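Please keep the sequence and the coordinates in view while reading.

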Amino acid sequence: FLEHSRAFLFRNGGKEDVLISSADLMPRNLERRIEAAVPIEDARHRAEIRRWMEMMLEDNRQAWDLRPDGSYVQRTPAPGEPERGTQRMLLERGR
């Protein structure tokens, strides 16, 4: 339950690359430390990481959206919409 994901998905010329990393993209991790990112070669593992990332994009409780002015706003469920927090969804999935 780290507060920042350490998985990345890139599309390059139609090819999808999935990587995992030892650090999130914060200045302290990129400027004062040695970090590593590695590609995920196994298609099953790439698919599972992609599913996790899609679940995180559905989060309407704990996720934050970056606005054009550089500020962040926390997502909240619309009226009547059930809460979908990533950590709760992961706990339910693990049962």
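Trp64, Leu66 and Tyr72 make a nonpolar surface patch of about 390 Å². This description, like those that follow, refers to a predicted model.

The mean pLDDT of the protein is 88, and 96% of the residues score at least 70. Helix H1 (residues 27-31) has the lowest confidence, with a mean of 80, whereas strand E5 (residues 72-74) has the highest, at 95. Where pLDDT is low, predicted coordinates should not be read in detail.

Strands E1 and E2 (residues 15-21) run antiparallel and are joined by 6 bridges. Asparagine 12 stands opposite lysine 15 of E2.

Side chains of opposite charge can pair when their charged atoms come close. The structure holds 10 salt bridges. One of them joins the side chains of arginine 11 and glutamate 16, with an N to O distance of 3.3 Å. Arginine 11 has a relative accessibility of 58% and so counts as exposed, while glutamate 16, at 29%, counts as partly exposed.

Glutamate 16 also meets arginine 50 in a salt bridge, at 2.9 Å from N to O. This pair links distant parts of the chain, since glutamate 16 lies in strand E2 and arginine 50 in helix H2 (residues 43-57), 34 residues apart. Arginine 50 has a relative accessible area of 22% and is therefore partly exposed. Arg11, Glu16, Arg50 and Glu54 are linked in a network of salt bridges.

Another salt bridge is formed by arginine 61 and glutamate 83, whose closest N and O atoms are 3.9 Å apart. Here too, distant parts of the chain are linked: arginine 61 is in the loop between H2 and E4, and glutamate 83 is in the loop between E5 and helix H3 (86-94), 22 residues apart. Arginine 61 counts as partly exposed, at 35% relative accessibility, whereas glutamate 83 is exposed, with a relative accessible area of 56%.

Note on methods: Residues are numbered from 1 along each chain as its sequence is written. Side-chain values use heavy atoms; hydrogens and water are left out. pLDDT is the predictor's confidence in each residue, from 0 to 100. Helices (H or I, at least four residues) and strands (E, at least two) are DSSP runs, numbered from the N terminus. Patches are made of residues with over 30% relative accessible area and no salt bridge: like charges are joined within 9 Å, nonpolar side chains (Val, Leu, Ile, Met, Phe, Trp, Tyr) within 5 Å. Accessible areas come from the Shrake-Rupley method with a 1.4 Å probe; for residues, only the protein chains shown count as cover. A salt bridge is a side-chain nitrogen of Lys or Arg within 4 Å of a carboxyl oxygen of Asp or Glu. Two strands pair if DSSP finds at least two bridges between them. Buried means under 20% relative accessible area, exposed over 50%, partly exposed in between (1.4 Å probe, protein chains only).
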